[in-house]
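Visitor: I would like to learn how to read a protein model, one feature after another. Could you take me through this one slowly?

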Amino acid sequence: MVRAGVTGAVLLVVASAVFADAPSKSPRPMPRPGMVAVAEAETVGVTAQVAALPVMALSVRPRMRPETLVAEAPAMIAAPDVVVATASAVAPPEKKGLFGLLRPSKRPEGLVDKQLVAATVAPVKPGKQGVVSVKGAVCGDPSIRGEALAPITSRIQGCGVPDPVRITSVAGVRLSQAATVDCDTARALKTWVERGVEPAYGKGKVVQLQVAGHYVCRTRNHRAGAKVSEHGKGRAIDISGFTFSNGKTVPVLRNFDKKMRKAHKAACGIFNTTLGPGSDGMHEDHLHFDTAKRNSTYCR
């Protein structure tokens with residue numbers, strides 16, 4: 001009886017020690033059978049709904065925009081106040097993809113030429129030939145075509161041209177023969193075509209000027225002992241007629257009509273000397289223009 005009591009006491013002490021050293025954990029609540037069934041049912045329902053969605057709904061890639069909207073985007077960014085009518089106005093049809101649409105179109109060739117002239121043509125001093133980037137242009141003016149020449153000298157005192165040019169057309173009007181003059185005279189001739197010839201006959205009607213005289217070392221009116229003519233200095237040019245767009249050439253001789261008189265009169269002031277039929281008997285068959293170095297004008 002006593003041994004059984006001692007054994008029971010020892011077992012009680014050992015059990016107490018074991019349970020005292022064990023960590024204290026709160027038992028997890030066991031889910032009730034009903035709750036498990038509800039959770040499983042909900043999970044099955046969600047899985048079924050996801051499986052039923054279309055594939056595009058699960059894709060993270062955005063849908064492609066209409067081509068016209070993509071094409072209009074660059075133009076709207078560059079100029080938001082401009083309405084783009086069609087996609088072809090922004091990018092050529094041959095350019096495909098977004099990078100092709102963003103690539104700028106090639107500039108017109110004429111625009112590049114115009115910008116080059118505007119950037120390189122600079123004012124030049126009177127009498128200087130000037131330099132322009134446009135091939136065939138002289139005197140700093142793209143509308144005066146020709147070539148620059150070496151200085152012209154002469155053994156005859158008073159003759160010669162320090163900065164000569166040989167011009168072939170002015171303001172789009174051809175010369176029947178290349179004329180050697182200085183740049184002051186070349187510019188004056190171009191101005192006369194624009195302000196005298198075109199207003200008298202109409203723009204584009206006269207396509208060629210008949211040149212009767214330009215640089216030559218001689219005296220005035222070929223008279224012995226007279227002063228050197230302005231022709232001998234590269235400051236004069238003689239026009240003997242006009243060729244029109246229909247191919248007809250009208251000479252000054254016996255055709256000094258109202259229109260020709262108007263063109264002749266317009267030269268006064270553009271040139272310092274203007275002579276023509278009825279002036280002195282020496283210019284019945286041509287119009288004489290020169291840029292003589294004087295402060296007054298002489299027009300007859």
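Guide: Let us begin with a single side chain, keeping in mind that this is a predicted model. Leaving aside its neighbours within four places in sequence, Trp 192 is in contact with Val 197, Leu 209, Ile 239, Phe 242, Ala 263, Ala 266, Ala 267, Ile 270, Phe 271, Leu 287 and Phe 289.

Visitor: Which residues touch the most other members of the largest nonpolar core?

Guide: The general idea is that in soluble globular proteins, nonpolar side chains tend to be buried together. Here the largest nonpolar core has 35 residues, and those touching the most other members are Ile 167, Leu 189, Trp 192, Tyr 201, Leu 209 and Phe 242. The elements that give two or more residues to this core are strand E3 (164-170), E4, H7, E5, E6, H8 and E9, and the largest share, nine residues, comes from H7.

Visitor: How should I read a helix such as H8, and which of its residues are buried?

Guide: An α-helix has 3.6 residues a turn, so residues three or four places apart point the same way. In helix H8, which spans residues 258-266, the buried residues are Met 260, Ala 263 and His 264. Because they cover an arc of only 100° around the axis, they lie on the same side of H8. Lys 258 and Lys 265, on the other side of H8, are exposed.

Visitor: What covers the buried residues of H8?

Guide: The cover includes helix H7 (183-201), together with strand E6 (236-244), strand E7 (249-251), strand E8 (273-275) and strand E9 (287-290). In strand E7 we find Pro 251, and if we leave out residues up to four places away in sequence, Pro 251 touches Ser 240, Gly 241 and Met 260. Pro 251 counts as partly exposed because its relative accessibility is 38%, a value in between the cut-offs of 20% for buried and 50% for exposed.

Visitor: Why is strand E5 described as largely enclosed by the rest of the structure?

Guide: Strand E5 (residues 206-213) has eight residues, and six of them are buried, so the strand is largely enclosed by the rest of the structure. As for its partners, strand E4 (residues 173-182) runs parallel to E5 and is joined to it by two bridges, while E5 and E6 run antiparallel and are joined by six bridges. Together, E4, H7 and E5 make a left-handed β-α-β unit.

Visitor: In the loop between E5 and E6, is Ser 229 buried or exposed?

Guide: Ser 229, which lies in that loop, counts as buried because its relative accessibility is 5%. Apart from neighbours within four places in sequence, Ser 229 is in contact with Arg 218, Thr 219 and Arg 220.

Visitor: Which side chain makes a polar contact with the side chain of Glu 147?

Guide: The partner is Arg 166, whose side chain makes this polar contact at 2.6 Å. Glu 147 itself belongs to strand E2 (residues 141-148), and at 40% relative accessibility it counts as partly exposed. Leaving aside neighbours within four places in sequence, Glu 147 is in contact with Val 138, Val 165 and Arg 166.

Terms used:
Residues are numbered from 1 along each chain as its sequence is written. This is a predicted model: local features need pLDDT of at least 70, side-chain atom pairs count only at pLDDT 80 or more; totals for chains, interfaces and linings use all residues. Side-chain values use heavy atoms; hydrogens and water are left out. Buried means under 20% relative accessible area, exposed over 50%, partly exposed in between (1.4 Å probe, protein chains only). Helices (H or I, at least four residues) and strands (E, at least two) are DSSP runs, numbered from the N terminus. The arc is that of the directions from the helix axis to the C-beta atoms. Contact means heavy atoms within 4.5 Å. Two strands pair if DSSP finds at least two bridges between them. A crossover is right-handed if, with the strands pointing away from the viewer, the path from the first strand over the helix to the second runs clockwise. A nonpolar core is a set of buried Ala, Val, Leu, Ile, Met, Phe, Trp, Tyr and Cys residues joined through side-chain atoms within 4.5 Å. A polar contact is a pair of N or O atoms within 3.5 Å; within protein, one must be able to donate a hydrogen and the other to accept it, and residues adjacent in sequence count only if both atoms are side-chain atoms.
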